[in-house]
Amino acid sequence: MSDASDLDLSGRHLLLALSGGVACFKAAELARELGRAGATVQVVMSEAACRFITPLTMQALTGRPVVASQWEASEPNAMPHINLTRGADAMVIVPASADLIAKLAQGRADEIVSLTALARPIGGARPCPLLVAPAMNREMWAHPATQRNVRQIVADGATLLGPAAGEQACGEVGDGRMLEAVELRDAIVAFFQPKVLAGRRVLVTAGPTFEAIDPVRGITNLSSGKMGFAIARAAAEAGAAVTLVAGPVHLPTPAGVRRIDVVSAQQMHDAVLPAAAQHDLFVATAAVADWRPAEVAGQKLKKDGSGRAPALAFTENPDILAAVARLPAGQRPYCVGFAAESHDLVAHARAKRERKGVPLIVGNIGPATFGRDDNTLVLVDAQGERPLGPASKLVLARALVAEFGARLAGSQT
Ligand code: CTP
């Protein structure tokens with residue numbers, strides 16, 4: 001999840017439509033989140049929605065009068081259902097009740113939300129895409145009529161946001177619970193990202209590894225995993241199917257990303273190698289420990305009173321990136337390595353690119369970036385080097401993903 005201060009929706013104009021349901025309370029928080037992310041938000045509410053939350057609340061949160069009836073006469077042409085979607089970047093229905101989805105599927109227009117959705121431009125110079133966040137009881141969601149209607153609106157071009165599974169307002173547990181406000185905000189942000197990795201499968205490693213000495217101690221490093229998680233998120237936003245192999249970090253899994261948690265370098269190697277051939281792109285952002293204790297003590301090592309520290313012997317860990325880069329053509333994804341250095345960044349990145357046999361290395365100064373939300377990068381390939389940033393890790397991740405997309409498309413391999 002991003003921070004709303006990323007202003008990811010800067011310049012966007014969104015039409016937020018509410019149909020009737022308990023989940024209307026989440027629409028209030030969403031309106032605020034969208035505004036904080038830089039969007040202007042116009043709200044339209046069905047009569048049923050007004051029974052769950054007042055237009056006054058939504059007006060106060062968005063700073064704009066709410067349209068709550070198709071008979072609204074305050075606009076000069078008295079046609080709010082037409083005006084609302086002209087110039088809007090998307091119409092987002094939050095929550096979408098079973099009844100509203102049925103109306104959309106049939107093209108009905110007997111109240112302001114379905115009427116506005118039907119009247120929105122779906123082609124031409126300024127189409128207004130429709131995003132729908134269902135919210136209903138699990139039996140209503142699972143009903144063949146609802147499933148049929150959902151398939152129909154998707155076939156007609158709507159994008160579904162959720163629903164999630166979990167505890168419902170009615171007390172039952174199952175599918176149909178609406179996504180939370182920040183999840184909806186992130187899904188809307190993702191919707192607007194260019195789909196430069198559509199149809200691609202991307203494998204990312206992230207975070208540090210932890211190499212056990214005994215049951216209570218080990219060696220690790222200061223990598224936070226933030227850059228790798230940002231790349232996984234940006235790749236998913238760009239339409240890729242993403243597998244994220246994460247070392248021990250406390251970061252939330254980006255939406256839609258398959259996560260495999262590992263601890264040691266050997267475990268990361270064993271998770272990555274068999275999966276690599278099923279992916280088009282491998283991005284190795286993990287700060288893999290170079291060595292591990294040759295033997296892991298079964299019990300906690302104790303001081304023996306001699307004043308001497310135990311002599312630890314180390315073994316080198318497998319180089320995961322180099323191993324993937326050595327896979328035969330046909331099984332080998334496009335490989336991108338990271339170089340975390342403390343000095344002489346470009347020279348080290350160049351040498352690493354040669355040594356690991358990969359087409360692209362992304363270099364950064366480790367101590368300057370570990371744990372922070374921003375970074376400065378340098379891209380090193382056969383052609384030379386190019387700086388990127390400074391910027392937030394998410395902004396850099398999106399720029400990298402655009403670069404990867406272009407390279408996979410064969411324009412610059
Ligand atoms: N890497 C890897 N497996 C390892 C070590 C590194 O996959 N056992 C990957 C990292 O994920 C990164 C790249 O190789 O993409 C470079 O990692 P880095 O730690 O900067 O380099 P090292 O190979 O460890 O070289 P050195 O310690 O000499 O800097």
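Leaving aside its neighbours within four places in sequence, which residues is Thr146 in contact with? Keep that in mind for the second stop.

**Before you start**

The model is predicted: local features need pLDDT of at least 70, side-chain atom pairs count only at pLDDT 80 or more, and totals for chains, interfaces and linings use all residues. Numbering starts from 1 along each chain as its sequence is written, and side-chain values use heavy atoms, without hydrogens and water.

**Stop 1**

Select strands E1 to E5. Strands (E, at least two residues) and helices (H or I, at least four residues) are DSSP runs, numbered from the N terminus. The five strands form an open sheet with parallel pairing, in the order E2-E1-E3-E4-E5. Two strands pair if DSSP finds at least two bridges between them.

Now select E1 (13-18). Six of its six residues are buried, so E1 is largely enclosed by the rest of the structure. Buried means under 20% relative accessible area, exposed means over 50%, and partly exposed is in between (1.4 Å probe, protein chains only). One face of E1 carries His13, Leu15 and Ala17; the other carries Leu14, Leu16 and Leu18. E1 runs parallel to E2, and six bridges join them. Look for Leu18 opposite Met45 in E2.

Move to E3 (residues 90-96) and E4 (residues 130-134), a parallel pair with four bridges. Val92 stands opposite Leu131 in E4.

H1 lies across E1, E2 and E3, and runs at about 175° to E1. Such angles run from 0 to 180 degrees between N-to-C directions; axes are lines fitted to C-alpha atoms, for helices over the stretch in contact.

**Stop 2**

Select helix H5 (residues 98-106). Its buried residues are Ala98, Leu100, Ile101, Lys103, Leu104 and Ala105. They pack against E3, H6 (112-118), E4, H7 (138-142) and H8 (144-155). Just after H5, check Gly107: its phi is positive, about 70°.

Go on to Thr146, in helix H8. Thr146 is buried, with a relative accessible area of 8%. Here is the reply to the opening question: Thr146 is in contact with Ala98, Met136, Met140 and Trp141, leaving aside neighbours within four places in sequence. Contact means heavy atoms within 4.5 Å. Draw a distance from the Thr146 side chain to Met140: a polar atom of that side chain lies 2.7 Å from the backbone oxygen of Met140.

**Stop 1: Glu172**

Select Glu172, in the loop between strand E6 (164-167) and strand E7 (173-177). Glu172 is partly exposed, at 30% relative accessible area. Not counting residues up to four places away in sequence, Glu172 touches Asn137, Arg138, Glu139, Gly166 and Glu167. Two polar contacts stand out for display. The side chain of Glu172 meets that of Asn137 at 3.1 Å, and that of Arg138 at 3.0 Å. A polar contact is a pair of N or O atoms within 3.5 Å; within protein, one must be able to donate a hydrogen and the other to accept it, and residues adjacent in sequence count only if both atoms are side-chain atoms.

**Stop 2**

For Cys128, the nearest cysteine sulfur is that of Cys24, at 19 Å. Cys50 is partly exposed at 26% relative accessibility, whereas Cys128 is buried at 1%.

**Stop 3: the eight-stranded sheet**

Eight strands form an open sheet with mixed pairing, in the order E12-E11-E8-E13-E16-E17-E18-E19. The edge strands are E12 (258-261) and E19 (384-392). Neighbouring strands are turned by 20° against each other on average, direction ignored. Pick out E8 (residues 201-206) and E13 (residues 281-284), a parallel pair with four bridges. Val204 stands opposite Val283 in E13. Helix H15 (residues 393-408) packs on this sheet and touches E13, E16, E17, E18 and E19; its direction makes about 145° with that of E19.

**Stop 4: the ligand**

Finish at the ligand, surrounded by 15 residues. The closest are Ala284, Ala286, Asp290, Lys352 and Lys356. A residue is near a molecule if one of its heavy atoms lies within 4 Å of it. A backbone N or O atom of Ala284 lies 2.6 Å from a ligand oxygen. A polar side-chain atom of Lys352 lies 2.7 Å from an oxygen atom of the ligand. At Pro318, a backbone N or O atom lies 2.9 Å from a ligand nitrogen.

Technical notes. Disulfide = S-S within 2.5 Å.
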